Amino acid sequence: MPARDDDSKRFKSLPARGAIAIAVTVLTVALVIGAAVQAWRSEARRSEVEREALAALSALDSFLSVLKDAETGERGFLLTQDPRYLEPFLDSEPRAALELSRLRAFSGDSADPRAQVDALASLMSARLEDLKATIALERAGRHGEAIEVVRGGEGKRVMDEIRARAARIRADLLVRRDRDAAQAREATRRWLWITLGGGALLLALTALAGRQALRGVRTLARDDRERQHMVEFQQRLIGIIGHDIRNPLSAILATALFLRKHGGLDEAQSRAVDRIGRGGERIERIANMLLDYTHARLGHGIPVSPTVANVHEVGAAVLEEFRAVQPSRQVEAVFEGNGVGYWDPGRLAQVLSNLVGNALKYGSREAPVRVSVRDAEDAVRIEVHNRGAPIPGDVLPYIFEPFRRGVEAGARGTDKENLGLGLYIVREIVAAHGGTIRARSSEPEGTTFTVELPRNPPVPPAPEPLPREKAASSQRPGSLRRSARLVRLVELR
Amino acid sequence: MRDVLLIEGDSDLRAALRDLLELCGFQVHASLGAHEALALFDRLDRPPCVLLDFEVHGGAEILKALVSRSGPRAAPIIVFSAEPPPLDPRVIAVRKPFNPETLLEILTRSCQDA
């Protein structure tokens, strides 16, 4: 069945594939988050670069303005001797120094820009010293000397150098800004691409997972349909066994009995009619067992109709039947205490006859089979014991499972009616009454099956005649015995 | 000779039971369905023993009608059913397929009782 093999392989590889898919998904999500954070940081770095460059340029411009204002003030004072023109000059030194320090802060740590700023600082000092000297001469009333200093051109030369250096620093700043910003932009783009790629991968994984889930749902639906078909098939099977076979089988059995009772048959014809009867009875037993099995298996449990019943009476009737059929075998019975409870007497008979039947079948022929029914608080305990070869240790734990025949029966191969369902059905009947069953078996102890049946609801212990009256009052006289006997006969013959 | 009202849908089984029961000395009145069965029941002088296939059409209704018609001293009603029918003291359930000897035993005894 290649299709089945494929299926099983696919299902086996599912958990491993699932684990891999989950790992890949988690890694991809981590990658996407990491890349997005990196992109955001690169973008922040780029705007930081822009902002710093702008601040540095503005510091540079302010520095030049301070110097120009100082120079303009000096010229105004020389022309008018009005000290108010000196105001821009008076605080020019700290202001220019402040702008230079701001510029230095942005100039980074490479040697060249710092050297440029230092040079700018010393040029600024020289220029301010020059202005200060000129103003001092003017204040001393030496106007002509002061004008001479200005005409000397030293001040203009220093100022020109300051401008040239400032222009170089500006160019430097712009180059650095462009370079850093471009790097940051490049990084942002790279991380964004990685984020996008991760997102696409996630999308693909989600699509795959969705497809897988859809397939899973379809498989589940298919399994569900198959299970449904199975249940329908089983129910149909029950219908066939439980309904369609019953009528013709009953007709066969009734006809065989009719022929036997009618008489007038020769010996060979009588034997033939007996064979028909026996065959029909065997089919009947198998059909009943399969019916019980399918009922229990489909989860309905074995149907029971509890009523007030006396397990002592049921047990006595079952044993009487066995003694009649197998007079050579010894069956010892002990019935003690109160046998009354709320049970299905027919099903109780089925349990007892199965256990006693097994004990007779598998037990030693020399030793008696012992049956005891005793009180056990709110329950009765039924024990069926036989001597002989014990149940093998590897069989014992599974003895109540369906279709597990006894080893001996399998070896003998003569027990055609042993479907391996008897003990399973017994267990189900006991369970339907809320009871338990267990088996123990060993060479020295022999084999014992113990059934505990709760009285359900508990009937208070009473002197022997009272329970009988109770049973009689709830049913027609003798009907309990009759129904117990009926089922005993139906199940065992 | 005791009357037996047999309500059974399967014709082979009905014929087989009729042959067997008549051979054993019963007067068998066979019927296929509800109306016929109740008419037969009413026509008889004394209430017969009843064999009812619970699964014939209207089986549950026939059972109810028969239980209400037969007095407390009447013979029990034997019902063929795979599932145990609702318990009534006058109803005896027999699961199909049944052993005809068991059936004869029950029938003989309950007819004597009645």
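**Exercise 1.** Is Asp91(A) buried, partly exposed or exposed, and what is its relative accessible area?

*Solution.* Begin with the classes: buried means under 20% relative accessible area, exposed over 50%, and partly exposed in between (1.4 Å probe, protein chains only). Asp91(A) has a relative accessible area of 34% and is thus partly exposed. The structure is a predicted model, in which local features need pLDDT of at least 70 and side-chain atom pairs count only at pLDDT 80 or more, whereas totals for chains, interfaces and linings use all residues. Residues are numbered from 1 along each chain as its sequence is written, chains are lettered from A and ligands numbered from 1 in the order in which they are written, and side-chain values use heavy atoms, with hydrogens and water left out.

**Exercise 2.** Identify the salt-bridge partner of Asp91(A), then examine two further pairs in chain A.

*Solution.* Step 1. A salt bridge is a side-chain nitrogen of Lys or Arg within 4 Å of a carboxyl oxygen of Asp or Glu. Side chains of opposite charge can pair when their charged atoms come close.

Step 2. The partner of Asp91(A) is Arg95(A), with the closest N and O atoms 3.7 Å apart. Arg95(A) is partly exposed at 36% relative accessibility.

Step 3. Arg104(A) and Asp118(A) form a salt bridge with an N to O distance of 3.0 Å. This pair links distant parts of the chain: Arg104(A) belongs to helix α3 (residues 92–106) of chain A and Asp118(A) to helix α4 (residues 111–139) of chain A, 14 residues apart. Helices (H or I, at least four residues) and strands (E, at least two) are DSSP runs, numbered from the N terminus. Both side chains are partly exposed, Arg104(A) at 31% and Asp118(A) at 39%.

Step 4. Lys132(A) and Glu129(A) meet at 3.4 Å, N to O. Because they are three residues apart in helix α4 of chain A, about one helical turn separates them. Lys132(A) is partly exposed at 39%, as is Glu129(A) at 46%.

Step 5. A network of salt bridges links Glu71(A), Glu74(A), Arg75(A), Arg127(A) and Asp130(A). Over all chains, the count comes to 38 salt bridges.

**Exercise 3.** Determine the strand order of the five-stranded sheet in chain A and locate the helix that lies across it.

*Solution.* Step 1. Two strands pair if DSSP finds at least two bridges between them. The open sheet has the order β2-β4-β5-β7-β6 (chain A), with mixed pairing. Its edge strands, β2 (331–335) and β6 (436–442) of chain A, each pair on one side only. From one strand to the next, the twist averages 15°.

Step 2. β6(A) runs antiparallel to β7 (residues 446–454) of chain A, and seven bridges join them. Arg440(A) has Thr448(A) as its bridge partner in β7(A).

Step 3. Helix α10 (residues 345–362) of chain A lies across β2, β4 (369–376), β5 (379–386), β6 and β7 of chain A, at about 20° to β5(A). Axes are lines fitted to C-alpha atoms, for helices over the stretch in contact (heavy atoms within 4.5 Å), and angles run from 0 to 180 degrees between N-to-C directions.

**Exercise 4.** State the secondary-structure content and burial of each chain.

*Solution.* Step 1. Chain A has 14 helices and seven strands; of its 493 residues, 39% are buried.

Step 2. Chain B has four helices and five strands, which run β-α-β-α-β-α-β-β-α from the N terminus. Of its 114 residues, 57% are buried.
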